[in-house]
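Try each task before reading its solution.

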Amino acid sequence: MRALRIILLVLLVLVGSSCSDTFLDPFENEETYFSIYGYLDELERDHAVRVIPVTRFPEKILSPSDPQATIDAQVTSMDVATGNVITWWHDLERLPDGTYGHIFRSNFMVRPGHTYRLEVTRSDSIVTWAETVIPRHGSPRPIPDTLMFPYEVSPDSGLVGRVRLPEVESPWDVVVTYDLQGRFVRLPYGRPGNKSENGGWEFDIDMGADAPRMRSYFGLDSSTPLPLLHAILLQVRVLDANWDPPRGIFDPELLAQPGSLSNVVNGNGFWGGVGLYQYVWNAPPGSAPSGSKN
């Protein structure tokens with residue numbers, strides 16, 4: 001998840017320096033009032049969103065005493081399912097490039113499957129808004145296919161398993177954990193695979209390719225068999241269905257351009273959601289390291 005935070009952090013800086021994003025002629029702009037960038041994370045209580053007023057002057061706040069250091073905006077979020085409304089508080093925060101930005105924060109738990117509507121309201125009642133659905137980590141139908149384990153299960157067996165996630169449109173930060181006789185080896189996979197032809201996402205778990213990394217974890221040479229495999233644990237941070245970057249590439253400079261990826265009404269930017277999906281494949285009883293049988 002650290003990688004996603006880094007990309008968002010870079011994005012927050014870039015949108016502030018993009019004149020086309022915050023500098024529009026009000027006589028030609030009747031429906032774009034704020035740019036907003038942020039997301040809700042199922043695993044976090046603390047949430048943040050950057051809000052940039054769209055004005056005739058580009059936002060470049062160099063000091064808390066600058067005229068643009070104040071903002072005419074109130075930010076609220078609503079759980080559409082329950083009707084619960086939360087008011088976010090405002091901070092003028094120093095950004096990594098030395099300028100300042102308007103960051104609104106809140107503290108609450110989000111629920112998988114719920115829709116959250118973010119509203120930025122000006123004092124004249126003009127509203128910019130967006131909605132996100134937190135991905136649900138359960139589904140009425142099984143998400144991944146079952147990996148077909150051979151009788152002899154070992155990381156040295158070269159087994160490759162195809163994982164299909166029909167409910168996942170845009171995964172992020174896939175982690176595969178091997179349970180080797182009660183010792184867990186956690187291997188980051190990044191954002192592997194591609195969209196499947198029938199919708200959803202698919203990628204391979206390559207036990208053979210992962211074996212050297214597991215040996216490094218245990219400090220074993222190539223001639224020493226790895227411990228018996230008990231299970232494979234899959235953890236996927238799932239982005240909401242709208243959070244699908246152009247050409248599947250999370251490029252901050254590309255995402256910072258207005259219209260490249262936006263679900264904001266009466267504004268620019270993006271408001272997203274991040275959920276968690278986990279699954280465990282258990283190796284069948286009687287599994288033994290390669291070359292031996294019980």
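**Exercise 1.** Decide whether alanine 211 is buried or exposed.

*Solution.* The model is a predicted one.
Step 1. Take the relative accessible area of alanine 211, which is 4%.
Step 2. Compare with the cut-off: buried means under 20%.
Step 3. Alanine 211 is therefore buried.
Step 4. Alanine 211 belongs to helix 3, residues 207-218.
Step 5. Look along the chain to proline 225, 14 residues apart from alanine 211. Their C-alpha atoms are separated by 9.8 Å.

**Exercise 2.** Classify the aromatic pair formed by tryptophan 88 and phenylalanine 108.

*Solution.* By the rule for ring pairs, the count comes to 6 aromatic pairs.
Step 1. Check the distance. Tryptophan 88 and phenylalanine 108 are 6.4 Å apart, centre to centre. The limit is 6.5 Å.
Step 2. Check the planes. The angle between them is 70°. Over 60 degrees counts as edge-to-face.
Step 3. The pair is edge-to-face.
Step 4. Locate both residues. Tryptophan 88 lies in the loop between strand 4 (85-87) and strand 5 (89-94). Phenylalanine 108 lies in the loop between strand 6 (100-107) and strand 7 (115-121). The pair therefore ties together parts that are 20 residues apart in sequence.
Step 5. Check burial. Tryptophan 88 is buried at 4% relative accessible area, and phenylalanine 108 is buried at 7%.

**Exercise 3.** What kind of aromatic pair do phenylalanine 108 and tyrosine 116 form?

*Solution.* 
Step 1. The centres of phenylalanine 108 and tyrosine 116 are 6.2 Å apart.
Step 2. Their planes make an angle of 40°. Stacked needs under 30 degrees and edge-to-face over 60.
Step 3. The pair is tilted.
Step 4. Tyrosine 116 counts as buried, at 3% relative accessibility.
Step 5. Widen the view. Trp88, Phe108, Tyr116 and Trp271 form one aromatic cluster.

**Exercise 4.** Find which ring the charged end of arginine 117 sits over.

*Solution.* 
Step 1. The ring belongs to tryptophan 129.
Step 2. The charged end of arginine 117 is 3.8 Å from the centre of that ring. The distance limit is 6 Å.

**Exercise 5.** Which strands are the edge strands of the open sheet?

*Solution.* 
Step 1. Write the order of the 4 strands: 4-3-7-8, with antiparallel pairing.
Step 2. Strand 4 and strand 8 (127-133) each pair on one side only, and these are the edge strands.
Step 3. Zoom in on strand 3 (residues 74-79) and strand 4, which pair in the antiparallel sense over 3 bridges. Methionine 78 has valine 85 in strand 4 as its bridge partner.

Note on methods:
Residues numbered from 1 in each chain as written. Predicted model: local features only at pLDDT ≥ 70, side-chain atom pairs only at ≥ 80, totals over all residues. Heavy atoms only, no water. Helix = DSSP H or I, 4+ residues; strand = E, 2+ residues; numbered from the N terminus. Buried < 20%, exposed > 50% of the residue type's maximum accessible area, 1.4 Å probe, protein only. Lys NZ or Arg CZ within 6 Å of the ring centre and 35° of its normal. Pairing = 2+ DSSP bridges.
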